[in-house]
Amino acid sequence: GIGDMEDADAQYALSFDYVMGMGLELGVDYWLDDVMDGQMDLGVMYHMGGEGMSWAFGLKMTDFSEEHGDMGTVLSGGGYTEGLMHFGLDYDTDADDDEMTVSFGKLFAMDAMTFGVGYRANTSMMGDGWLTLSVGSAF
């Protein structure tokens, strides 16, 4: 974390996302860290392509396995460019406060592998966000 959250533990997840030819994406995250160990999230996104810019909108059900309590709902929207820059805004419908989160970053495609770096923060605490790193493969 950055700012006041420097001592917070890192979070790790195994994620699988499948994007269909019609633009529908299905995703599952399985969390491995000490804080959210065993929690599973399920997401559905719809991608709309455009010239130089694409958009994505969807819904994520957090902790749908109810490993840590009640399932939550997050509405998401964002975009990405042909140059693999991305940005997004999430709205947690179950949060009492600080329900908006913003993210942005860049992906780097290398043959069949993709590497990414980004930043994710709650809109009320932009200086106390998280640096995000990702590694993926297309098959």
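Because the model is predicted, local features were taken at pLDDT of at least 70 and side-chain atom pairs at pLDDT 80 or more, while totals for chains, interfaces and linings use all residues. Residues are numbered from 1 along each chain as its sequence is written, and side-chain values rest on heavy atoms, with hydrogens and water left out.

The fold can be read off an open sheet of 9 strands, paired antiparallel in the order E1-E2-E3-E4-E5-E6-E7-E8-E9. Strands (E, at least two residues) and helices (H or I, at least four) are DSSP runs numbered from the N terminus, and two strands pair if DSSP finds at least two bridges between them. The edges go to E1 (13-19) and E9 (130-137); each has a single partner strand, so one side of each is left without a neighbour in the sheet. On average, neighbouring strands are turned by 20° against each other, direction ignored; axes here are lines fitted to C-alpha atoms (for helices, over the stretch in contact), with angles running from 0 to 180 degrees between N-to-C directions.

E2 meets E3 (residues 40-48) in the antiparallel sense over 7 bridges, and Val28 stands opposite Leu42 of E3. Further along, E5 and E6 run antiparallel and are joined by 7 bridges. The hairpin of E5 and E6 has 3 residues between the strands, and Leu84 takes a positive phi near 70° there. E6 also pairs with E7 (residues 100-110), again antiparallel and over 7 bridges. Asp90 shows up on both sides of E6: Asp90 is the bridge partner of Ser76 and stands opposite Thr101 in E7.

Salt bridges (a side-chain nitrogen of Lys or Arg within 4 Å of a carboxyl oxygen of Asp or Glu) come to 2 in this model. One joins the side chains of Asp29 and Lys60 at 3.0 Å, N to O. Asp29 sits in E2 (residues 24-31) and Lys60 in E4 (residues 53-62), so this pair ties together parts 31 residues apart in sequence. Burial was sorted by relative accessible area (buried under 20%, exposed over 50%, partly exposed in between; 1.4 Å probe, protein chains only). Asp29 is buried at 10%, whereas Lys60 is partly exposed at 28%.

The side chains of Asp90 and Arg120 make another salt bridge, at 2.6 Å, N to O. This pair links distant parts of the chain, with Asp90 in E6 (residues 85-92) and Arg120 in E8 (residues 113-122), 30 residues apart. Asp90 is buried at 14%, while Arg120 is partly exposed at 32%.

His47, in E3, is buried at 16%. The His47 side chain makes a polar contact of 2.5 Å with that of Glu25 and one of 2.8 Å with that of Tyr80. Leaving aside neighbours within four places in sequence, His47 is in contact (heavy atoms within 4.5 Å) with Gly23, Glu25, Trp55, Ala56 and Tyr80.

Tyr80 itself lies in E5 (residues 72-81) and is partly exposed at 29%. Not counting residues up to four places away in sequence, Tyr80 touches residues including Gly52, Met53, Met85 and Phe87.

Conventions: Polar contact = N/O pair within 3.5 Å; in protein donor to acceptor, adjacent residues only side chain to side chain.
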